[in-house]
Amino acid sequence: MEKREIREVLKKALNSGADFAELFWEQKEIVMVNCEENRIERINSGFDEGVGIRVMAGENTSYAFTNDLSFTRLLEVAETAGKGAQKKQDLLEIKDFYTPPSPLKLEIKKPPQEIEIEKKVQTVLEVNDAARQVDQRIRQVTVNYGDVRQKVTIANSDGVFVEDLRTRTRLSVHTVAAEGNLIQTGYHSLGGSQGFELLEENDPTQIAEIASQRAILMLSAKPAPSGKMPVVLAGKAGGTMVHEACGHGLEADLVQKGLSVYAGKKGQEVASPLITVVDDGLLSGKFGTTCYDDEGTPCEKNILIKQGVLENYMYDLRTAKQEGGKSTGNGRRESYQSRPLPRMRNTYIAPGKTDPEKIIKETKEGLLVTAMGGGQVNTLNGDYVFEVAEAYVIKDGEAIYPVRGATLTGNGPETLRLVELVGKDLGFTIGICGKEGQGVPVSDAQPTMAVRELVVGGTGGEFISEDKKIRRL
Amino acid sequence: MKKGKGEKNSMEDIASQVLDLAKKKGVENAEVFLLDSRELTIEIAGQEVENLKLAEEKGLGLRVISQHRLGYAYSSDLSEQALRKTIERAVDNARLVAEDVAWEVAEPGSRYRHLDLDDQEIRQKSLEDKISLAKELEKAALAFDSRVRQVEKSVYQDSSYCVSLYNTRGLKGNYQGAYCGLYGVVIGQEGEDAQTGFSMDFSLKYKELNPVRVGQEAGKKAVRMLGAQAMPSAKLPVVLDPYVMTGILGVLQTAFSGEAVLKGTSFLVGKEGQKVASSLVKIIDHGALEGRLGSSPFDSEGISTRETVLVKEGELQGFLHNLYTARKTGVVSTGNAVRASYKATPEVGTTNFYLEKGNISRQELLRGIRQGLYVTEVMGLHMANPISGDFSLGASGLLIENGELTRPIKGVAIAGNLQDLLMGIDAVADDLTFYVGSGAPTVRIQGLAISGK
């Protein structure tokens, strides 16, 4: 597609009367390698290409996509989209195209497309071996490798014209350990906006070892206690909590619809003064990093909460326009098939001053969480529940024994008010955030933090005394 | 774009071209899956269209089997050049995958059953007509109660599609289908307290959609949770409403997959013929059920769909299979090869997966509970461990006192094990409700640990 044709398509989209038209053209190549049962089970390669056209008129948005890329078909699709959002008004002129500069230049040292599939397969097999070598009780190992090359061209009626190439590589390891009747699982992953160098600069077999060690540790873990208690969230547990229980509530679409506990609270104290929350699209090589967002806005570093005070929300073009402000570069989408939404990139609680060891030492009694699992949050009131993948009971300042099956139940804003100590460390985890069914790669992080009290749910409380785990194998 | 015969032929042309080329590359067998789909989504806010989405997607997924190795590749670009590249990639990938004699493509069987899947009204009704359904939903929700503050989402959605499947053993399959649906998310507010309510209705028939019912139900769910409080920890009878039980079935479904059994990741491994649930429990997967959204004449590998009883009177009868897991296990495919899209390989999945209804009403089921919890919403279901069966959920719902639903409860956790939960079912109501491809009636469980304040 040439610039001239893109202009024609945008013009067609505005033809029924609208404030804004945008074209998002994506070409995505993927490779996935899967190893299970000690052998390469699947290799999948794919190519997907399509165009999404968005038209906005007042409060209305219309979105159409197709993977028939003939010029005539695109004009038809643009016309349909335009009719869907129409507004009676003078026809808008499309401004001259320009490309805003991005503060970031991503250097992909080893584009995965140039690495032979044999090499990827070999890495996966090495990781599989490493996971199995940790302990005889490791029964199952699943290794997944994936790389993506996504080329996007974004153009809109305001004149923005951006081309961006994104490369991501990731590796994840799931393990299952068994002893007698007991089965436990472990997980660890590595990923970044990097090429194959990610797996050369980091030792991928270490990922395997951590996943296996976690499953083995959980075999000897006791059932988690339940009830209200002080909780220390270790830095290495990553930022699931800040992403889920705080981040989503700071996305401007939810805020503007009144669906966030943080709505209308700019300038107010919403967390302990020890808490600074940042969403940064520019962290070099991190999983959520891109030069531009999916609306062609250059990415930047966005401070959301500064020393407990709500500074800013995360905006895309639409939500920014609504308040007469500027997009913060948070407009993201899964693919040409989805309209952009305000989304997180790399979200973290900024490190504090306390030595993480000291935080544990100062806890008389409570739970130390060293790995988080999945979670779910209600952004309307901030209530959340998180699964804990690895935790220890703390007694007199020491982690005395591992526990399993714990969940954390609480409220996001309340939890951030109850933070009493913030460590000077910072631990990242990666993930795919699934807001509105659209998966986008993100990373999140936090320092070690002491929370005065959280509700810990477990099966080891007073109501189920016996350890009733599954009997198998 | 023109539909009908011309389109179908061009799909068949593409498929036979790809199969011929693949054979020339020396593969023994190949299979082409083609999907051509259109989708419409309308979101209403304040009686105006807030978002409109039109989607059209077409693509091809190719599996090749060469020396007992399976290779996969897909492409949305159906030009000859792109297809050649796709074939090369599939063949290339097959080289490095482990050898396994169980890989095969389906043999052409008897004629496929005709199912009424393609309601022409869904394709023909005007956009205005569909918009008015979503508007009615919004209106009904707002009118339900003065405490309904806002309708967060009022949505109409439909999809029409054409699936084609061809393989080198001469299998040719083709069908068209369509479905439509409505869903609403409603916010109730009283003072500082805000609660959400959700309702949905999906159908194969446009005529069956009832926006007023969906709007009212979402409104009711939002309002009844206002003023919810925590409750003290206790071990009490728990009643799961159809939506929650369907969610739990969703976690259970992986345990019924023949693939999970082969990998030892199902807690049901080796338990055929054994009691895995209370004798009131019958669990079925039925891919040829008239009028249901999970139905199709054949599965993603071309095997005719059918009814598979998985649990009968609490006893495990068997598992779900595609061709590969069936051959590995020494049984026949149950017609449960499922693809999420042309980008995905056919995995073992469910079609219409449900817990069969019982023969008492919901009222009767609640009767006799002195104190219990009626659960209407759970959080963290996807975190339940399908391997061990352990779960710990955030739950909210209504307190049951002397057989009556009395006041809203929130912020409690229920923990346990899926197997114990199935065993503990002591009543199943007759109100089987489907949510797209799965469904369940209201069930009662004797004694679950509830951790509260």
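## The six-stranded sheet

Chain A of this predicted model has an open sheet of 6 strands, in the order E11-E10-E9-E14-E21-E20, with mixed pairing. Strands here are DSSP runs of E with at least two residues, helices are runs of H or I with at least four, and both are numbered from the N terminus. Two strands pair if DSSP finds at least two bridges between them. At the edges sit E11 (309-310) and E20 (427-433) of chain A, each pairing on one side only.

Look at E9 (residues 277-280) and E10 (residues 301-306) of chain A: they run antiparallel, joined by 4 bridges. Across that pair, A:Val277 stands opposite A:Ile305.

## A helix on the sheet

What packs on this sheet? Helix H6 (residues 240-247) of chain A does, touching E9, E14 (346-349), E20 and E21 (440-446) of chain A. A contact is two C-beta atoms, placed from the backbone, within 7 Å. H6 makes about 110° with the direction of E21 in chain A; axes are lines fitted to C-alpha atoms (for helices, over the stretch in contact), and angles run from 0 to 180 degrees between N-to-C directions.

## The whole chain

Chain A comes to 10 helices and 22 strands. Its radius of gyration is 24 Å, close to the 23 Å that the globule rule gives for 473 residues, so chain A is as compact as a globular protein of that length. That radius is taken over C-alpha atoms, and the rule is 2.2 Å times the number of residues to the power 0.38.

## Reading the numbers

Residues are numbered from 1 along each chain as its sequence is written, and chains are lettered from A and ligands numbered from 1 in the order written. Local features need pLDDT of at least 70 and side-chain atom pairs count only at pLDDT 80 or more, while totals for chains, interfaces and linings use all residues.
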